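User: I've got this model open and want to walk through it with you. Can we start with the contacts and work outwards?

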Amino acid sequence: MLDLTLAFHHAVTDDDTKLATDLERLTTLAGTGDYPYYADIAHFMAGLPLPSASTAQWLTDEATVRARWRHLVQARRDR
């Protein structure tokens, strides 16, 4: 959870270097089966494409989920 929070913070502050580290860590965790959707959410928040097809099953379509997470980052930047 902390890694996802850091990814959110680094997406808001537009710190690409730290965000890349966060994404790497979350992708590694997802590969072990732990919270695979966290890596997807971090990519959505950063406005980046997923490195591979998602294994997450969203309640709505992926484009809607992506837009909602990205909106949270944009709204925080606008504060």
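User: Leaving aside its neighbours within four places in sequence, which residues is H43 in contact with?

Analyst: First, the ground rules: this is a predicted model, where local features need pLDDT of at least 70, side-chain atom pairs count only at pLDDT 80 or more, and totals for chains, interfaces and linings use all residues. Residues are numbered from 1 along each chain as its sequence is written, and side-chain values use heavy atoms, with hydrogens and water left out. Contact means heavy atoms within 4.5 Å. With neighbours up to four places off set aside, the partners of H43 are L23, T27, L48, P49, L50, P51 and R66.

User: Is H43 buried or exposed?

Analyst: H43 sits in helix α3; helices are DSSP runs of H or I with at least four residues, strands are E runs of at least two, and both are numbered from the N terminus. The burial scale is under 20% relative accessible area for buried, over 50% for exposed, and partly exposed in between (1.4 Å probe, protein chains only). H43 has a relative accessibility of 7%, so it counts as buried.

User: Which residues of α3 are buried?

Analyst: α3 is mostly covered, with nine of its eleven residues buried. The cover over them includes α1, α2 and α4. By name, the buried ones are Y38, A39, D40, I41, A42, H43, F44, M45 and A46.

User: What is the phi of D14?

Analyst: D14 is in the loop between α1 (2–12) and α2 (16–31). Most residues other than glycine have a negative phi, and most peptide bonds are trans. D14 isn't a glycine, yet its phi is positive, at about 60°.

User: Which residue takes a positive phi just after α3?

Analyst: The angle there is about 75°. The residue just after α3 that takes it is G47.

User: How exposed is W58?

Analyst: W58 is in the loop between α3 and α4. Not counting residues up to four places away, W58 touches Y37, D40, I41, F44 and V65. Y37 is 21 residues away in sequence, with the C-alpha atoms 9.2 Å apart. W58 counts as partly exposed because its relative accessible area is 22%.

User: How far apart in space are T17 and S52?

Analyst: T17 is found in helix α2, and at 63% relative accessibility it counts as exposed. T17 and S52 are 35 residues apart in sequence, and C-alpha to C-alpha they are separated by 21 Å.

User: What about L2 and H71: how far apart in space are they?

Analyst: L2 belongs to helix α1 and is exposed, with 60% relative accessibility. In sequence, L2 and H71 are 69 residues apart, and the C-alpha to C-alpha distance is 20 Å.

User: Zooming out, what is the radius of gyration of the chain?

Analyst: The chain has four helices and zero strands, giving the pattern α-α-α-α. The radius is taken over C-alpha atoms, and the globule rule is 2.2 Å times the number of residues to the power 0.38. That rule gives 12 Å for 79 residues, and the chain comes close to it, so it is as compact as a globular protein of that length, with a radius of gyration of 12 Å.

User: What share of the chain is buried?

Analyst: The C-alpha atoms fill a box of roughly 35 × 25 × 20 Å along the principal axes. Among contacts between residues at least 6 apart in sequence, 38% join residues at least 24 apart. Of the 79 residues, the buried share is 28%.
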